[in-house]
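Subject: Structure handover

Hi,

Here is the structure for you to look over. My notes follow below it.

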Amino acid sequence: MDKTKRLQYILNVRPVLNKDALFSDGTSYYRYPSEPETGEQVTIRFRTLRNNVDAVWMVANETKQLMKRVKTEKGFDFYETTITMPDEIFRYHFEIQYGWVTCYYTTQGVESEVNTYADFEIYPNYHIPDWAKGAVMYQIFVDRFYNGDPSNDVQTSEYAYIQGHSQKVDDWHKIPATMGVREFYGGDLQGIWDKLDYLRFLGVEVIYLNPIFVSPSNHKYDCQDYEYIDPHIGVIIQDDDRCLQEGDLDNAHAFKYIRRVTDMENLEASNAFFARFVDEIHRRGMKIILDGVFNHCGSFNKWMDRERIYENDECYPKGAFVSSESPYRNYFHFYDENQWPYNPSYDGWWSHDTLPKLNYEGSRELYNHILEIGRKWVSPPYNIDGWRLDVAADLGHTNEFNHQFWKDFRKAVKEANPNAVILAEHYGNAESWLQGDEWDTIMNYDAFMEPLTWFLTGMEKHSDEYREDLYGNSDAFIGAMKVHMRTLHMSALTAAMNQLSNHDHSRFLTRTNRRPGRLAYAGGEAASKDVNPAVMREAIVVQMTWPGSPTLYYGDEAGQCGFTDPDNRRTYPWGREDFQMIDFYRAMIGVHKRFAFLKDASLKFLWNDYQGLCYGRFSGNEQMIVILNNRDEEREVEIDVWMTGISRSRDCKLTQIIISNSTGYSQKQKDYIAKAGIVKVSLPAYSAVVLYHRDGLD
């Protein structure tokens, strides 16, 4: 057949190339084993429509491997090839031949030209603890969760911090002050212990605590002593009645505070209590992660001792601020060598003198000390299950040093507890830290919180800006997700911390009012004005059906509102809960845990328009279809669900397992019939619908 006749045949007889059917990703259905060792055989799979292409190649480093068609099912052909895993990252994409047409398939989908930046990647020897993949996490800002032991509360004028006295807040529901770092509401570890039944009721699997080591602030990101749990949230046995007098800001006179946080009986008792606390969490089948703040410490830190709390205690060496002969002198960088005693010329993180930056390059002793801290808390008797690393990319003064430190930190932690997870706070591309020898995964801002917030609310995550061009813009959402999910690669993605809110950003429910604001100029009441819980429920549906580890910020499930820091750190609203929101969160956590295939399921976008989105999660013989209507009006949509593996050759039943709308939600089941792989669904205003199909249940 000559070229002219062949072209006529293709145009008139042969079906066109179905690009929607082309698919592969990094899940175990399309690549196995999904976390291979060096030298291990890895099978890579690719999907096409049945009898729709002439050939499929896997292309790696410009070398092509012809893939073999190994099976046909559900109207698809599946092609496979096998590689031997090298000792470096293996990058690949697919080349599809259809007559004279050639296209390529990458992490971004079908492309007409080669785009190696979007190649799939396999990382050798990259292993994340199985328990962390898809785990339901719950973040607690300890001072604001629940007061279980009033005897350890920080007292008013107990000490001075940033030119003011500490303040005990008696009204649990008081909105935090704009300068609220000195305010204490009394939440403690006993309070969390008292509410473990509640967390189990919700379905929580992992508790993540903001910092809990000795510290003068309520947020505790200014550590005073890495070796001990703060007695103010632990146990106080030895105490003193002497607080600061009015107008006195000299903490050398803060005798009550000094006794509480330097007395070994208090410190050891608090550590022992924490060990029992962790045991109880483990006994209930849950895990616990602590916040590690290792880039900087606090001016109260015993290594620095700017407040001269430890100066006259013979049990403690002199701090670097106090004396040039301090054993901790090189833990910090001082600009002026001629100001001792009491040298204030040290380097502060972002120039904050309350946050001295740790000088790792200048002190091997400090380097080893922090590695030992990393080991200590994941080891007996404490046995925590991992670290969340604060501002992890900032540690050190060069990128090269930063990477070396985290390599050593990982070795130290994993040698002590191989099942501990290392999860970092990071904004932007984290690829260079996610090579398998530093961090396990990250807090997922770029590939979850930010795109979802823009799409559903049009708001920036601090509530500082509203963008009409991004509100309801599903194309922007899909584009952002594809780009940023690629940088995580599949192993890191499975355990990435997917949050709607946290201690650094406004509450998601507040963002639903689509009004910029901060506590300082808008006032606390504005944070809860005109919010839309239905939009929050849409976000929860996505959170619980998206790849990664859904992470609740305490109180979000109870309808708490708040602008960014410090307003996002309001107390859990005990006695004022939104029980409908709690019930919905519990129901969606139940969906997440009941359908275990979600932890390793493929993701494919099926339909989208302005304020509308549908995606499928699928693996083997199970499919979940998630549809959002973020408009304020009802609509009907048609979805091509066959792209997830639902048959086009027969009618298939999809069961609605949950629906949320502007008035509430329902778990009453309803059946939809997909005809020729297409399902029609009526969507109420501000709704989210979850449909499920499993082969053999039709």
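Between which two elements does the loop that holds Pro341 lie? Pro341 is in the loop between β17 (287-292) and α6. Please keep in mind that this is a predicted model.

The peptide bond from Trp340 to Pro341 is cis, with omega near 0 degrees. Tyr342 lies in the loop between β17 and α6 too. Its phi is positive, about 65 degrees, although Tyr342 is not a glycine. Tyr342 has 29% relative accessibility, so it counts as partly exposed.

There is another cis bond, from Asp565 to Pro566, with omega near 10 degrees. Pro566 sits in the loop between β22 (549-553) and α13 (579-594).

Lys74 is not a glycine either, yet has a positive phi of about 55 degrees. Its place is the loop between β5 (68-73) and β6. Lys74 counts as partly exposed because its relative accessibility is 29%. Why list these sites? Most residues other than glycine have a negative phi, and most peptide bonds are trans.

The largest pocket has a volume of about 900 Å³. It is lined by 36 residues, and the closest to its centre are His219, Trp349, Asp504, Asp565 and Arg569. By class, the lining holds 15 nonpolar, twelve polar and nine charged residues.

At least two lining residues each come from β8 (101-106), β9 (109-111), β10 (120-122), α9 (474-494) and β23 (602-609).

**Cavities**

How many cavities of 30 Å³ or more does the structure hold? There are four.

The largest cavity has a volume of about 140 Å³. Its lining has 17 residues, and Asp143, Phe184, Gly187, Lys220 and Ile233 lie nearest the centre. Seven lining residues are nonpolar, seven polar and three charged.

The second largest cavity comes to about 110 Å³. Its lining has 13 residues, with Tyr29, Tyr30, Phe78, Gly620 and Thr644 nearest the centre. Five are nonpolar, five polar and three charged. β6 (76-84) and β24 (612-619) each supply at least two of the lining residues.

**Cores**

The largest nonpolar core has 156 residues. Tyr138, Leu209, Phe274, Phe294, Trp387 and Trp439 touch the most other members. Beyond four places in sequence, Phe294 touches Tyr226, Leu358, Tyr360, Ile370, Ile373, Trp387, Leu389, Leu395, Trp406 and Phe409. A second, separate core has 51 residues, including Leu22, Ile625, Ile659 and Tyr672. As background, nonpolar side chains in soluble globular proteins tend to be buried together.

α6 has 15 residues. From first C-alpha to last, α6 reaches 22 Å, close to the 21 Å expected at 1.5 Å a residue. Its buried residues are Leu366, Tyr367, Ile370, Leu371, Ile373, Gly374, Lys376, Trp377 and Val378. They pack against β15 (213-214), β16 (225-229), α5, β18 and α7. Two of them, Ile370 and Ile373, are among the contacts of Phe294.

His369 is also in α6. Leaving out residues up to four places away in sequence, His369 touches Glu227, Trp303 and Tyr331. His369 and Tyr226 are 143 residues apart in sequence, but 9.8 Å apart in space, C-alpha to C-alpha.

α7 (residues 399-416) has 18 residues and reaches 26 Å, close to the 26 Å expected at 1.5 Å a residue. Its buried residues include Phe401, Trp406, Phe409 and Val413, along with Asp408, Arg410 and Lys414. What do the buried residues of α7 pack against? The partners are α6 (364-378), β18 (386-389) and β19 (421-424).

**Ala269**

Ala269 lies in helix α5 (residues 264-283). Is Ala269 buried or exposed? Ala269 counts as buried, because its relative accessibility is 16% and the cut-off for buried is under 20%. Ala269 touches Val235 and Ile237, not counting residues up to four places away in sequence. Ala269 and Gly234 are 35 residues apart in sequence and 7.8 Å apart in space, C-alpha to C-alpha.

Best wishes

Methods: Residues are numbered from 1 along each chain as its sequence is written. This is a predicted model: local features need pLDDT of at least 70, side-chain atom pairs count only at pLDDT 80 or more; totals for chains, interfaces and linings use all residues. Side-chain values use heavy atoms; hydrogens and water are left out. A nonpolar core is a set of buried Ala, Val, Leu, Ile, Met, Phe, Trp, Tyr and Cys residues joined through side-chain atoms within 4.5 Å. Buried means under 20% relative accessible area, exposed over 50%, partly exposed in between (1.4 Å probe, protein chains only). Contact means heavy atoms within 4.5 Å. Helices (H or I, at least four residues) and strands (E, at least two) are DSSP runs, numbered from the N terminus. The expected span of a helix is 1.5 Å times one less than its number of residues. On a 1 Å grid over the protein atoms alone, a cavity is a set of points where a 1.4 Å probe fits but cannot get out, and a pocket is an open set with protein on both sides within 12 Å along at least five of seven lines; lining residues have an atom within 4 Å of a point. Grid points are joined across faces, edges and corners, and a volume is the space filled by probe spheres set on the points. Ala, Val, Leu, Ile, Met, Phe, Trp, Tyr, Cys and Pro count as nonpolar, Asp, Glu, Lys and Arg as charged, and the others, Gly among them, as polar.
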